[in-house]
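Please look at how the parts of this protein meet, both within a chain and between chains.

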Protein chains: 2
Amino acid sequence: MKPYIKENEWSIIEHGFDPEKHEISESLFSIGNGHMGQRANFEETYTGSSLQGSYMAGVYYPDKTRVGWWKNGYPEYFAKVLNSTNWIGLNIVIDGEELDLNNAVVSDFTRELNMKEGYLTRSFQAELNNGRKINVTATRFVSIVQKEVGAIKYEVTPLNFSGTLGVTSYLDGDIKNTDANYDEKFWDPVNTTLSDNRASITVKTKKLDFVFCSTMETQIVKNGQVLDLKGAGEEKVKYAGLTYEAPLTENETTVIYKYAVNITNRDHDTQQLEAVAENELDKAVLKGFDKLKEEQAEAWHQKWLDSDIVIKGDVAAQQGIRFNIFQLNQTYTGEDARLNIGPKGFTGEKYGGSTYWDTEAYCLPFYLSTADEQIPKNLLIYRHNHLEKAKENARKLGFEKGALYPMVTMNGEESHNEWEITFEEIHRNGAIAYAIYNYVTYTGDKSYLGQYGIEVLAEIARFWEERVNFVKSKDVYMILGVTGPNEYENNVNNNWYTNRIASWTLEYTLEVLDYLKDSDRNLYDQWVNKLNLTEDEIVKWADIINKMYYPEDKEEGIFLQQDGFLDKELMAVSDLADKHLPLNQNWSWDRILRSCFIKQADVLQGLYFLNHEFDMETKKRNFDFYEPMTVHESSLSPCVHSILACELGYKEKAYEMYLRTARLDLDNYNNDTEDGCHITSMAGTWMSVVQGFGGMKFKNDSLILNPFIPEQWQSFSFTIRYRGARLMITVNQESIKVANKSNKTVNLVILGDELTLDGHNNLEVSH
Amino acid sequence: MKPYIKENEWSIIEHGFDPEKHEISESLFSIGNGHMGQRANFEETYTGSSLQGSYMAGVYYPDKTRVGWWKNGYPEYFAKVLNSTNWIGLNIVIDGEELDLNNAVVSDFTRELNMKEGYLTRSFQAELNNGRKINVTATRFVSIVQKEVGAIKYEVTPLNFSGTLGVTSYLDGDIKNTDANYDEKFWDPVNTTLSDNRASITVKTKKLDFVFCSTMETQIVKNGQVLDLKGAGEEKVKYAGLTYEAPLTENETTVIYKYAVNITNRDHDTQQLEAVAENELDKAVLKGFDKLKEEQAEAWHQKWLDSDIVIKGDVAAQQGIRFNIFQLNQTYTGEDARLNIGPKGFTGEKYGGSTYWDTEAYCLPFYLSTADEQIPKNLLIYRHNHLEKAKENARKLGFEKGALYPMVTMNGEESHNEWEITFEEIHRNGAIAYAIYNYVTYTGDKSYLGQYGIEVLAEIARFWEERVNFVKSKDVYMILGVTGPNEYENNVNNNWYTNRIASWTLEYTLEVLDYLKDSDRNLYDQWVNKLNLTEDEIVKWADIINKMYYPEDKEEGIFLQQDGFLDKELMAVSDLADKHLPLNQNWSWDRILRSCFIKQADVLQGLYFLNHEFDMETKKRNFDFYEPMTVHESSLSPCVHSILACELGYKEKAYEMYLRTARLDLDNYNNDTEDGCHITSMAGTWMSVVQGFGGMKFKNDSLILNPFIPEQWQSFSFTIRYRGARLMITVNQESIKVANKSNKTVNLVILGDELTLDGHNNLEVSH
């Protein structure tokens, strides 16, 4: 399908209504505020193809596992984000005929997602079968100020008649997840209330007792006056609707305002839900739509100050990067450590909306650099909160000690059910540890280690201790039977990345223990005591570090992705005829597995994470060896390649890799955006700009910048927070400028030169 | 559960009715005749737990695949044997109360499967809630003479009253497979007919157009007279019933005879089904129950002459082996080359009732030795008939030429959907080739090679040619990414067995080509032409044979199950605490995979198949290395170990391995007999006796016998067909006797001595 989104620096715009593209647009134009999200479904009835989707952060359901052949150890349930009460519904009836864009002549259709101010607007002209022509403009947003509130302004202007407008404003909780394994509904009714202009419904999940209350008020305004109408109530199971009739006058606009509040017992006492919702609704209605929208614009303005990237000379690139940043900020705002970032955010149901290692590997850097320290810290605390479940998970798989974090989770329990991933993709445990290192190194906040970090590190270290396998005859430790980050290999022995990140975890854990011992002996002793940490364990960890086996080819000077990799037929992706790509749609799984082709960075993921450990030549040899065999059939792959290519001076490759994800959803590159947007890979695109083109690293309390600018761009700039300072870095074809927008002094290393930049000062370096 | 079957040489006997064991008994007491099979369900209503099962050979359904996560290449459907019209149904009403053993006081319950004559009988006394006491004896069989006919004799004797017997004799086609993936019914109604004493129903599969017609006649006999009763007809969708009333006189027996015919459009013209069924029914009714039963006994007598094994001094062993032989003969009679042997035969639904490599690896030897040559030949022709589908299967997996036989199939198409098995367990292709070798070597019928064999061999050879991987740096061919016979390893490189059987296939194919070229140049040229066989291919095959890589440990003198096997932590099963076993119920899949433990013979399977290639020391070293690590969690494993242990003189181990499967179902060893009996592994038990204890091999037109007798037995004897002769071999603690029951002379090698035994002569050799 040809890309159809109009290029614009601050908005996502679609002109013309094409039902074929509607589900893609429903994903792209999604709105969210970290608490809830809403696909860009129409408010009015639409009988064409649509994925109706409204999601509440942290509300999930344990859907009974579906497999072909059961393997011992599989979880009984897959925890799924829940498609919840539809709060946007407005049935519009024009002189007796229901408005339905699937059943009307539509013209002048425009959809716009205003990213600067955080709202969705849609306008169109429709000619109904009864000959009535109307103009409609619908605007809505979910507030990032008052997080439980959504507001809609729906304007109807009759163009060739005066007549009657019928409006049914409703809340519908009889919702089913499209991805339900057994076609079951997950919601039970609890209560419905109806008054003249307000209604509420309360529903409850069939398991786990999530209670969800929605309440709404509807107003109809004509000539600037709120009409004094009483809605006719209709109550069905899990449904409440209020129907109004209002006059329509030719060429005059009648406006429907709908305010809704969506709250759950995750945040409020179950018994108080209706009262709290009522109260929130009062507040929203009192402010009114325009005031709420102003607040929204102001709050988004603040977010953009922290996180914007400006690209000059390339509108498509500008739009792409802003879309990614906007969606990340819509998905996760970080105040609530119980929440995390699903691969599709609130834009669809695929992958269950749960937490993957994507968070630690790709998303954390974005929040580290663009948000208050507490926010990335909450991502770490999320995993600390799940430590007991991770220990249970390890026990369930037969380990006597340690913690294995799940592949996919909503509450800490494993949800995934593919043995080659669930049981074998254990490198994820390394990423959890690495995130602690990453956070502490970036923020300098070592207090986290003694507060929470060491507990997680020690339990992960214990897992690796038990999971490795000592081979006496070779005097080495090995890790057998794993799946590395490259999921196009399963059940391999000695995946270099897994072996390295496992051993690195042990190294870092010992380093942190030493740090605690030196810095706060008392705290250290408390942890040793609490963890029952023994000298034997510490000795064993050191022994594993010393004797870990790493597959290498010394002649080629490369790390081997796993044992036996060189026995494969080695060829470049460029040698494959087009008909073979993408492999995952054209090749059977065994063929993919025995081929040399790589889904996503694996050895290179290690060179990215542990970048400081390897010299440039080593990185270059490995990049040159693996990159040509990589098909990037994970959206998480190109960013790592782009960053490494930048470091290695492979400018064209870096830009090519950047382009592969920069507009992944906007251009529907993978032909799957209708399922939702690739939220976690959007963070990878941000990394490509900041860590790749910006060349941003950090070491020893200094921020390092080694930027280069693609020749296609005039300039790019990004804003980051670093150690209390707020810096804006601008790179153009001639120079690098750093503006310190705070009063904190920062240490910089730009193109190798150590510099100090005081508060509210600027500097410029030529390159 | 404690074994409850009474020991008896010729019968399977259960005393006392225990509803908890009913489903196990329903499997054990199944009857079949190669055309159809029937679980030992009760004729009368039974409201307790039961798996109602009636299966017709070759009638199957493509049930939509169910998976958790789809892999490219998976089949869309799993072909399943169909649970079909229930033809045994007889509702019995005693003075107004329905007989239901779940709702009556049952005593003197006995079930007996008479293996000598091939029928099932059941008798019991029941006291109903209305106080009526009756004796019932029910006898039934499916005829191996008139294959579409089933007959029931149901005797009712009132013990404490005279009254009324109500009988509803019915055919019920509204049947569902318990293992349906989506809880669907697979049968549609076609037609129902009813007359006074006959009824028929015709049903049709929702896909594939199998049409199945059942017809029945019911007679009620009192005092030796057929009562002149007219049944009251009841017709429902896919159901026809006739209800009779007859007087019951205290202590007099009233007998219900039910004759049923079950035919399908696999064997008859669809339009003629009802007429043919009517005609068959006429024949059966004319003969009457007693005559049909006599014919049955005579036919089974002939089968036993060909295939019986007699064990003296051990009734349990005698019963076990006869049960296995009986079930094999009930499952597959070999006249129809479209049929094959499902893992559960007609005794249950598990594994879809389809064809696995079990047939070639385990069942073929039984039929080679106990049946007319055409019968094992039909098993080979079955695969020849599927050659085009096997080529399609290879294409589907991306191969440009050659044939890959499916892992599981009903019609030649792949049915299985687990990538690690479906796509990777390619060694099955070797077993298909080996079966040709096995057949030709045993029978001496080399004509098969030029008739069908070479076509299958060449296409399999082509598959291996494309599937191997040349590793330039090592100048060897490898086979990467396979699952060997030991399914407790997945996606390994260079599974020794797979590499060896692949190379062996190429060797044998070249040998057969040479033979054809030498013996019939014209035929050879025809095949070269038809197969487009090129000189390049033949050169390539020879090159692969020369340069095939075999993982070995030269120091230990063992073949390695696969690359890296010695990196595992090696330990014996005996070192595991009991709580770990069986591994497949106690360990997660990854733990099983990375352990050294072996599900079933793998390297040893190669030493069994290609026994003549290896010296005794090599076999011993490998057996000593692998056997202690083998958990035998496949019922197909112990037989190979038992046979090799016999050869190596490990008498105790041989007997121990023999016992593990000899009474697998009778003693419900694996706790799963309620799902059906392990039909294909029963052939392995036969092999354990004949090839193991009997030490039977064949080479260069000689039959080789190296018997030993377990000390627990007085003697054992088995009958085989060999090259037109019929031999009975009896082994006791002192000697080996061979009786030639034919007029053909045979060459024997007994305990190393070459002997010739003329027709109708005997010989005896001491040992």
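The model is predicted, and local features need pLDDT of at least 70, side-chain atom pairs count only at pLDDT 80 or more, while totals for chains, interfaces and linings use all residues. Residues are numbered from 1 along each chain as its sequence is written, chains are lettered from A in the order in which they are written, and side-chain values use heavy atoms, without hydrogens and water.

Chain A is divided into domain 1 (36-307) and domain 2 (372-568 + 584-599 + 609-618), with bounds from an automatic or database domain assignment. The C-alpha centres of these two domains of chain A lie 43 Å apart.

The table sets out the two interfaces, where buried area is the accessible area (1.4 Å probe) that two parts lose on being put together, summed over both, and a salt bridge is a side-chain nitrogen of Lys or Arg within 4 Å of a carboxyl oxygen of Asp or Glu.

| Interface | Buried area | Carbon and sulfur share | Salt bridges |
|---|---|---|---|
| Domain 1 of chain A and domain 2 of chain A | about 1100 Å² | 63% | zero |
| Chain B and chain A | about 3700 Å² | 49% | six |

Between the chains, 42 residues of chain B are in contact (heavy atoms within 4.5 Å) with 42 residues of chain A. Of the area that chain B buries against chain A, Trp69(B), Asp567(B) and Arg594(B) supply 20%, more than any other three residues. In one salt bridge, the side chains of Lys474(B) and Asp567(A) meet at 2.8 Å, N to O.
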